[in-house]
Amino acid sequence: MRFSASFLLAALLLASLGAKAALTAPAPEPDARRFAREVAAMLREGGYVTRFERRTFGILVEGRLGRCRVAVGDYTPYGTFAERFDQLAAPIGPLRFVYRGGFHARAPKLVPLLDFYAVRELRRVGLPALRHPIAAVAASPGCGLARLDWRRVAALAD
Amino acid sequence: MATVPARFAPRALTRSALFAWLVLIATLNAFAGVALRIVPEHGLAYALFELFGISAILWTALAASVALLRGDEQAAAATVSDRLVAAAVVVAALLPFAPASAAALTLLSGWMIFRSPAGSPAARAGAIALAVAVSLLWGRVFLALFSGPLLGIDSWLVGQLVGVSAVGNTLAFTNGSGGIVVAPGCSSWQGMSLALVFWVTVNQWFRVPFGWKPLGWCLLALAATIAVNVVRIGAMVHFPAQLDEIHHGYGWHLAMWSSLVLVCSICLYGARREILR
């Protein structure tokens, strides 16, 4: 029946919009300081001396251990600051990326992006969801990055 | 036995009437993702003035799609398959995730296009709805996935215009005092997806036959949005002291209105023969 079907669809429209208004809120921005703190703690556990440097893309964590120099930043899945990271890495060493504990020569894209969208939508409705940041890592040769506990920054609850 | 006046007699829901409701449900729920962020951030008055953060082009496209379907007098009754699609759209809309509604709008528009006679109101409305879904969801995903080369093209164009070097998506200020990074939100591709929506809307509404000429007008509208955005970013690079005003102050408003006027003028002029027919 046309009238009842229309009323039902109008009610569903109002209910769906009302549910969204009631359940969703702006998703909290990723906590750059939390990422930097975890990276610094991981580097210190590996014997590095650390310092923080505020940059346009967030906080860069620098570590030194003897002749070894490391710089780590939070790399957005959009890859917006790819050139900036390349420039920062140039005087240090090759730029690599660590995602969920695994090393990548190039920034991973599809999986981190889908994960980013999923986490953002879950957080908008107040569900707990861990963020999986991409760590952009520049290191001088022979630093032995694999010995560090990258699981510390594989998933963050910020 | 009681009789029922004819105007109150139950009638079967037509496909087009059902689709009109579904387009409205899916699109408004997809819009809600942006709209519900604007209200708490800036207040209701600002949100109203800014059309809830949704481009006037998208509102126009929604109105055109629904009007085409509502005006369809020849539509057949909704089939069981149509009702299954309707159920999927409603379930997606009831989820608290706006992108699910944009995905459902894609499914719905595809169904309307491929399961309706070519040139019918449902097929034309479906084409408009598909363009809206592309702008709301798929265009953004495409830009995010290929942001490197796409933002690089924007930056290269600005570099050519202003005479500065572009490295990837970074541009140096002309006075050498620093530089900017072109982010996905500043890309010409955002405006291009809206230009595409308006071109599809005008061409479907006025029944412009598809061909090289209309395609040329589409390309011109796309080029206009790129030109406006390139000039805006070029101004940021050339006048770094006014970066903030150009980025999200008067420069942003000027660029938005210029793009809107240019895109509407080009698309409507391109369809003038059909409009004046």
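Trainee: What share of the 158 residues of chain A counts as buried?

Mentor: In this predicted model, 31% of them do.

Trainee: What makes chain A more spread out than a compact globule?

Mentor: Set the value against the rule. The globule rule gives 15 Å for 158 residues, and the radius of gyration of chain A is 21 Å, well over that, so chain A is more spread out than a compact globule. The C-alpha trace of chain A spans about 80 × 25 × 25 Å along its principal axes.

Trainee: Which elements build chain A?

Mentor: Chain A has 4 helices and 6 strands. From the N terminus, the order is α-α-β-β-β-α-β-β-α-β.

Trainee: Why is a set of residues called a nonpolar core?

Mentor: Because its members are buried residues of listed types, such as Val and Leu, joined through C-beta atoms within 7 Å. The largest such core has 76 residues, and Val89(B), Leu108(B) and Val132(B) have the most contacts inside it. Its largest share, 15 residues, comes from α1(B).

Trainee: What does Val132(B) touch?

Mentor: Leaving out residues up to four places away in sequence, Val132(B) touches Thr27(B), Leu58(B), Ala61(B), Leu62(B), Leu105(B) and Val197(B).

Trainee: How many residues does each chain bring to the contact?

Mentor: Chain A brings 28 residues and chain B brings 32. On the side of chain A that touches chain B, α1(A) gives the largest share, 13 residues. By class, that side has 17 nonpolar, 5 polar and 6 charged residues.

Methods: Residues are numbered from 1 along each chain as its sequence is written. Chains are lettered from A and ligands numbered from 1 in the order in which they are written. This is a predicted model: local features need pLDDT of at least 70, side-chain atom pairs count only at pLDDT 80 or more; totals for chains, interfaces and linings use all residues. A residue is buried if 20 or more other C-beta atoms lie within 10 Å of its own, exposed if 12 or fewer, and partly exposed in between; C-beta atoms are placed from the backbone. Helices (H or I, at least four residues) and strands (E, at least two) are DSSP runs, numbered from the N terminus. Two residues are in contact if their C-beta atoms, placed from the backbone, lie within 7 Å. Ala, Val, Leu, Ile, Met, Phe, Trp, Tyr, Cys and Pro count as nonpolar, Asp, Glu, Lys and Arg as charged, and the others, Gly among them, as polar. The radius of gyration is taken over C-alpha atoms; the globule rule is 2.2 Å times the number of residues to the power 0.38.
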